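Below is a short walk through a protein model, meant for someone seeing it for the first time. Please keep the sequence and the 3D view open while reading.

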Amino acid sequence: MRLPTPTVRNQPKTAPGPESGFAVPTVLFMVIAAFAVGSVAVVASLRAQEGTSRDLHTKDALAVAEAGAHQALVRYNAAGAKEACVPPQTLSGAWCTPATGSLAGGGDFAYWVQPTAGLIEVVSQGSRDGVTRRILVRAHSAAGQQPFIDWGVIGLNSVRLDSNADVTADTATNGDINLLSNSQLCGNVQVGPGHDVLPPGTGSHSCGIELQGTTTLPAVNQGDVRTNNDNGNFFASTPIGGQRSRVCWNGVNGDGQASSNCGSRELVITHNSDITLPSGNYSFCRLQLLQNSAVYIASGATVRIYFDSPEACGYGSGVKQLEIDSNAQITANGDSTAVDVALLFVGSETRSTVIDLASNTAVEALCDQDFVVYAPRSDLVLKSNSSYCGALAAKTVLINSNSHITVSSQAQAFILPNSPPHYVVDDFVECAGPATSPPDVDC
Amino acid sequence: MLVRSRISRHTKAEGGFTLPELLIATMIGLVVIGSAVTFFTAAIRGEPRVRDRSAQIQQARVMAERISRELRQGSNASSPNPSQLMILTYVPRASCGDPTPGAAIRCRIFYSCDTAGACTRTECGPNTVAPPTGCGTSVEVVEGLLDNQVFAFTPRIPGQAFVSVRLAFPATDGEDAITVEDGVALRNPPLGGP
């Protein structure tokens, strides 16, 4: 028998022996080492990435939850803040059945509402990318807005102080605040974004901080006051002092005679005469007080005078709807519990209207008597030693020639009449964990 | 016989290493092992640094998140300078300054950062305007910051500020500088007082 001759192909069984030394373990060792070093970097990177993702998702979920709460408030405000569930939600126990929604950019929310007398609670839960956050918003029912709650003097477009003018009030505008010629302003100020208190060094902002922000003033809503008002009080229920012939209302003087001194819904008083107004809502086109004349507010009375738009009154541009000059004054009744007199100007977007207080006039007596001038579409000028106590808002405010303004806390609390009922947010609280029953647990 | 002799010759020819082979193999092995050891040593040496850095960043994240949450729920915030912050806000505590959890109550929180780059948090009663009276223990919430310029206010209506928080860590031992930054607008209307 002849054995087969060994060939190279048959030899490998013997070859691995000498090649299986430290090469394989070394390579394995190196691979493991490289893998370990690489893993540390990868794990660290992943952890950082996870943290960033978690933070982002948390913010997103919170934003979604807030969107839900806003939607709830919008719906309940649109329904007139009537302290009941808004359909299709119905009351189930103390809470309305939940409403759900989603955002176009991603994220789902559900909100629960508990409307009670004068108060609403909204719990909103937002979810985004597996992260859930829950918030509680409490809001109270507000029948009106408080335009002076933050600022006592507001000039939507500008505020200008000149020639020793003196203002002690928190002041806001969307433009610049100009302090000229030894004028002084004491109080926090807010100017529009990119604007400033100007020019430095001429006048002085003696106390308070300076901020930038946006100021808005709701328009005056006079409702049906133009036709449904207390103008009928003239002159039967409005005692006149001084010369009756110098008091003119609606084309008729205090003696009952026709007068060309005043037109429709215009009150003009001159020559040391005065009139006393009882409580009521009055609709004026113009009020002019000259030569030591006065308007007194009856004891305990609350007076609201709406100045109609120049279009409705037949005025052109630039009319002075309120003019107080030469030692004339409006004097309140001394009741310091609420605003006694509110002068509300409807104004116009196309015809300018002016409020002019000049020459030793006074819209004050004691500074705890509270006046409000609210004229978001009119220009206001105080000059020549005039003084004012209360709160005022206008399109532009110019305070000149030794005039001075102080603000009272009662005026700050003034509520703008006829603004629609709505909810104002009091509290925002983040809750722990997802909603259970009741939904505000752990908030 | 012929086969056996051939196999024997083969085995003898491949059965050992020559001296140069051994020397070269040893050199290569030393280089390889040396590299691996260097790698490992660097990794082991760097690990505490990386760990500390991660811990710092995590600490900064937690602080930024906590301040953001407190600011979101805040009604009043003020900052006399960029190293200090005072917030009147909701905290889930049985009472202010007490670590026992409870329903959300209003407390005043003070953050203060020193020039060494450490910040402390002090929880006080809502009427406290200056710690430590009426406050819990001050707790260090972050350390190792580049400076104490942490808080910045964007002007808004008083009490309704937008507050930004900036935690900057310096570059150290070859590590890049890191900054954790966040900002929050207060959601609650301002209450009376500071």
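Among contacts in chain B between residues at least 6 apart in sequence, what percentage join residues at least 24 apart? In this predicted model, the share is 46%. Chain B is built from two helices and eight strands. Following the sequence, the order is α-α-β-β-β-β-β-β-β-β. The chain has 194 residues, and 24% of them are buried.

The nonpolar cores come next. The largest has 78 residues, and the members that touch the most others within this core are V153(A), F307(A), L343(A) and Y374(A). Strand 31 of chain A, spanning residues 387-399, gives the most to this core, with nine residues. Setting aside neighbours within four places in sequence, V153(A) has contacts with V159(A), V167(A), A169(A) and T171(A), and also with L392(A), V397(A), I405(A) and V407(A). There is also a second, separate core of 59 residues, whose members include C96(A) and C443(A) together with M63(B) and L85(B).

One residue in a loop can be followed in detail. G208(A) sits in the loop that links strand 14 (204-207) to strand 15 (210-212) of chain A. Is G208(A) buried or partly exposed? G208(A) has 16 other C-beta atoms within 10 Å, so G208(A) counts as partly exposed, because a buried residue would need 20 or more and an exposed one 12 or fewer. Leaving out residues up to four places away in sequence, G208(A) touches D170(A), C186(A), G187(A), N188(A) and V189(A). L185(A) lies 23 residues from G208(A) along the chain, and their C-alpha atoms are 9.0 Å apart.

Notes:
Residues are numbered from 1 along each chain as its sequence is written. Chains are lettered from A and ligands numbered from 1 in the order in which they are written. This is a predicted model: local features need pLDDT of at least 70, side-chain atom pairs count only at pLDDT 80 or more; totals for chains, interfaces and linings use all residues. A nonpolar core is a set of buried Ala, Val, Leu, Ile, Met, Phe, Trp, Tyr and Cys residues joined through C-beta atoms within 7 Å. Helices (H or I, at least four residues) and strands (E, at least two) are DSSP runs, numbered from the N terminus. Two residues are in contact if their C-beta atoms, placed from the backbone, lie within 7 Å.
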